[in-house]
Amino acid sequence: MELKKILRFADDVVLAKTNKHLNDLQRDILEETLQGSKYNKIAERHDCTVNYVREVAASLWKILSEEVGEKITQSNIRTTLERASYSIISSNFSPNSQTHINICGSDLKSLKNPQAKLTQRPYLDLDDAPHRSLFYGRTQELDTLQNWILQQHSHFIIIAGMTGIGKTVLALELIEQIKNHFDIIIWRDLQDFPELKNLEQELIEILADGLLASTTPNEKNTNNPLRHLAKLLRQHRCLIILDNLQSLLQDGQLAGHYQNSDYQDFFKFFSKIKQSSCFIVNSWEVPQDIVYLAEKYPGVSVFPLKGLGQDAKSILKEKDLNN
């Protein structure tokens, strides 16, 4: 069975049990274990201890074992999940229908429809976001972004286009469409954060809040805010929208150069690490380094936004400006 199908099956099981999708570390542990990798390799990639990876893995194996009715270990996980996933009644299995599992006649609980589990309200921190306005057209653009984030697991997207073209409206509508797939959604205007350290500190405070996270001592004692933030983003599936990137760029530079090089390092760091959270950045222009990151890392995408064309007439009509 294809790896992605096993991962999808495991994600459905964990969602039914915990009301949450696999987080970044859980997904990586599962994927790497299925491919025969050792825990020390995973720990090195995620900048944590082998013991911590082993604890997270043990908790994940326990969840999966309880749901499939068979003990899962590091050595038997692939064959066990393949056997379990093959037992799904195919006529009832589709992304938009209820999914039931019956494994070898065992008396197991049915998995509920994953979509039904997504009714729990996410934590929204959208005080910095503009008010939503009427949404016209952009259906294809909206579908593309949803596919990138929910199906292809893109974790860094820059929406680029001239001022007034609709980047903010599109991002706000996207939030409304996919918000229940995330634990927490944050909107920040980069004009208010010329210094990266202030943005990092604010994001850490939000994510480390007692209502949202249960950080371990090792995570709390880190002296590196960038890695601390990354660890918090692995605990929760987060959607972070950073508006007005162009405010951080130097005027008069053709390819877009940062006034503060810390942001260049920030974007590079979160482009190269695997994660289930997602950054969306709005900008008038695309810095050259992000073009390079999009070419190098599959989870990074540049989305150039064009004019509305004929759909613009609907806006003008709504505003009585078409005369």
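F266 is in contact (heavy atoms within 4.5 Å) with L196, E200, L226, L229, L242 and F279, leaving aside its neighbours within four places in sequence. F266 is also listed, with L242, L245, Y263, F267 and F270, among the residues with the most contacts inside the largest nonpolar core. The model is predicted: local features need pLDDT of at least 70 and side-chain atom pairs count only at pLDDT 80 or more, while totals for chains, interfaces and linings use all residues. Residues are numbered from 1 along each chain as its sequence is written, and side-chain values use heavy atoms, with hydrogens and water left out.

**Overall composition**

- The secondary structure of the protein comes to 14 helices and six strands; helices (H or I, at least four residues) and strands (E, at least two) are DSSP runs, numbered from the N terminus.
- Of the 323 residues of the protein, 49% count as buried, where buried means under 20% relative accessible area, exposed over 50%, and partly exposed in between (1.4 Å probe, protein chains only).
- The protein exposes about 16800 Å², and carbon and sulfur atoms supply 47% of this area; accessible areas come from the Shrake-Rupley method with a 1.4 Å probe, and for residues only the protein chains shown count as cover.
- Among the contacts in the protein with a separation of 6 or more, 72% are accounted for by residues 24 or more positions apart.

**The nonpolar cores**

- A nonpolar core is a set of buried Ala, Val, Leu, Ile, Met, Phe, Trp, Tyr and Cys residues joined through side-chain atoms within 4.5 Å.
- The largest nonpolar core has 36 residues.
- At least two residues of this core are supplied by each of β2 (156-160), β3 (184-189), α9 (196-207), α11 (225-235), β4, α12, β5 (278-283) and α13 (288-296).
- Helix α9 gives the largest share of this core, six residues.
- Another core, of 27 residues, lies apart from it and includes A10, Y39, Y52 and I72.
- In soluble globular proteins, nonpolar side chains tend to be buried together.

**The sheet**

- Six strands form an open sheet in the order β1-β3-β4-β5-β2-β6, with parallel pairing; two strands pair if DSSP finds at least two bridges between them.
- β1 (123-125) and β6 stand at the edges with a single partner strand each, so one side of each is left without a neighbour in the sheet.
- Neighbouring strands of this sheet are turned by 10 degrees against each other on average, direction ignored; axes are lines fitted to C-alpha atoms, for helices over the stretch in contact, and angles run from 0 to 180 degrees between N-to-C directions.
- Helix α9 lies across β1, β3 and β4 and runs at about 160 degrees to β3.
- Helix α13 packs on the sheet, where α13 touches β2 and β6, and its direction makes about 120 degrees with that of β6.

**Strand β5**

- Six of the six residues of β5 are buried.
- Both faces of β5 are covered, with C278, I280 and N282 buried on one side and F279, V281 and S283 buried on the other.
- β2 and β5 run parallel and are joined by five bridges, and I158 stands opposite V281 in β5.
- β4 and β5 also run parallel, joined by four bridges; I280 in β5 is the bridge partner of I241, and L242 stands opposite V281.

**Two loop residues**

- L245 lies in the loop between β4 (238-243) and α12 (261-272) and is buried, with a relative accessible area of 0%.
- Leaving aside neighbours within four places in sequence, L245 is in contact with I158, L190, Y258, F267, V281, N282, S283, P287 and I290.
- L245 and W284 are 39 residues apart in sequence and 7.6 Å apart in space, C-alpha to C-alpha.
- G299 is found in the loop between α13 and β6 (300-304) and is buried, with a relative accessible area of 8%.
- G299 is in contact with S154, H155 and F156, leaving aside neighbours within four places in sequence; G299 and F156 are 143 residues apart in sequence and 6.3 Å apart in space, C-alpha to C-alpha.

- The buried residues of α1 are I6, L7, F9, A10, D11, D12, V13, V14, L15 and A16.
- α1 is followed by N19, whose phi is positive, near 65 degrees.
- D28 lies in helix α2 (residues 24-34) and counts as buried at 1% relative accessibility.
- D28 touches I42, R45, H46 and K274, not counting residues up to four places away in sequence.
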